Amino acid sequence: MRNEHTQLPSTANGRHQLGKLILNLRRLERQPQPFGEAGALTPSEIHTIDAIGISSPILMSELAGRLSVTKGAITQIIQRLESKGLVTRQAHPEDARSSLLSLTPVGKEAYLAHEAVNQQFYERLHAQLSEQEIAAFERSLAILNDMLES
């Protein structure tokens with residue numbers, strides 16, 4: 001681990017590229033994208049669908065924790081997804097206070113469309129970078145995520 005007071009080498013280009021990445025991510029987070037029959041979904045909606053698709057059925061409270069949002073926020077997103085016919089909510093068989101979430105067939109289609117977009121992006125990345133560069137990129141992403149989460 002580096003000492004906080006150690007002067008770290010940096011480049012203006014690296015700082016510029018990081019700033020540009022952050023601006024692009026912010027722009028993407030505001031724009032709905034089409035996902036098959038589900039139509040245009042906001043990033044928060046498709047990320048919620050993705051999390052449900054990975055662990056379906058899932059408790060609402062567990063989903064909120066996985067997405068690092070409040071239970072109130074997840075309730076609002078789930079209500080929107082239910083109204084779009086993408087998610088179903090069922091009472092937990094052992095705890096009537098809890099709800100289990102699953103994807104509808106159209107929700108599953110949106111999930112698979114999102115997976116395909118991610119796969120295409122990763123394939124484009126692999127076409128431009130060596131295996132060593134991919135490994136360094138993935139390590140860098142893990143570090144950035146840790147920094148942003150702390």
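**Close-up views of a predicted model**

**View 1. The largest pocket has a volume of about 2100 Å³.** This is a predicted model, where local features need pLDDT of at least 70 and side-chain atom pairs count only at pLDDT 80 or more, while totals for chains, interfaces and linings use all residues. Residues are numbered from 1 along each chain as its sequence is written, and side-chain values use heavy atoms, with hydrogens and water left out. A pocket is an open set of points on a 1 Å grid over the protein atoms alone, where a 1.4 Å probe fits, with protein on both sides within 12 Å along at least five of seven lines; lining residues have an atom within 4 Å of a point. The volume is the space filled by probe spheres set on the points, which are joined across faces, edges and corners. Look for Leu-21, Leu-25, Leu-28, Glu-29 and Leu-141, which lie nearest the centre among the 41 lining residues. Helix 6 gives the most, ten residues.

**View 2. Helix 2 (residues 43-54) meets helix 5 (residues 105-128).** Helices are DSSP runs (H or I, at least four residues), numbered from the N terminus. The two axes, lines fitted to C-alpha atoms over the stretch in contact, come within 9 Å and cross at roughly 100°. The helices are therefore roughly perpendicular (65 to 115 degrees). Contact (heavy atoms within 4.5 Å) involves residues including Ile-46 of helix 2 and Tyr-111 of helix 5.

**View 3. Here is Ile-78, found in helix 4 (residues 71-83).** Ile-78 is buried, with a relative accessible area of 0% (buried means under 20%, with a 1.4 Å probe and protein chains only). Beyond its neighbours within four places in sequence, Ile-78 touches Thr-48, Ile-52, Met-60, Leu-63, Val-87, Arg-89 and Leu-101.

How values were computed
Axes fitted to C-alpha atoms, helices over the stretch in contact; angles between N-to-C directions. Helix = DSSP H or I, 4+ residues; strand = E, 2+ residues; numbered from the N terminus. Parallel < 35°, antiparallel > 145°, perpendicular 65-115°, else oblique. Buried < 20%, exposed > 50% of the residue type's maximum accessible area, 1.4 Å probe, protein only.
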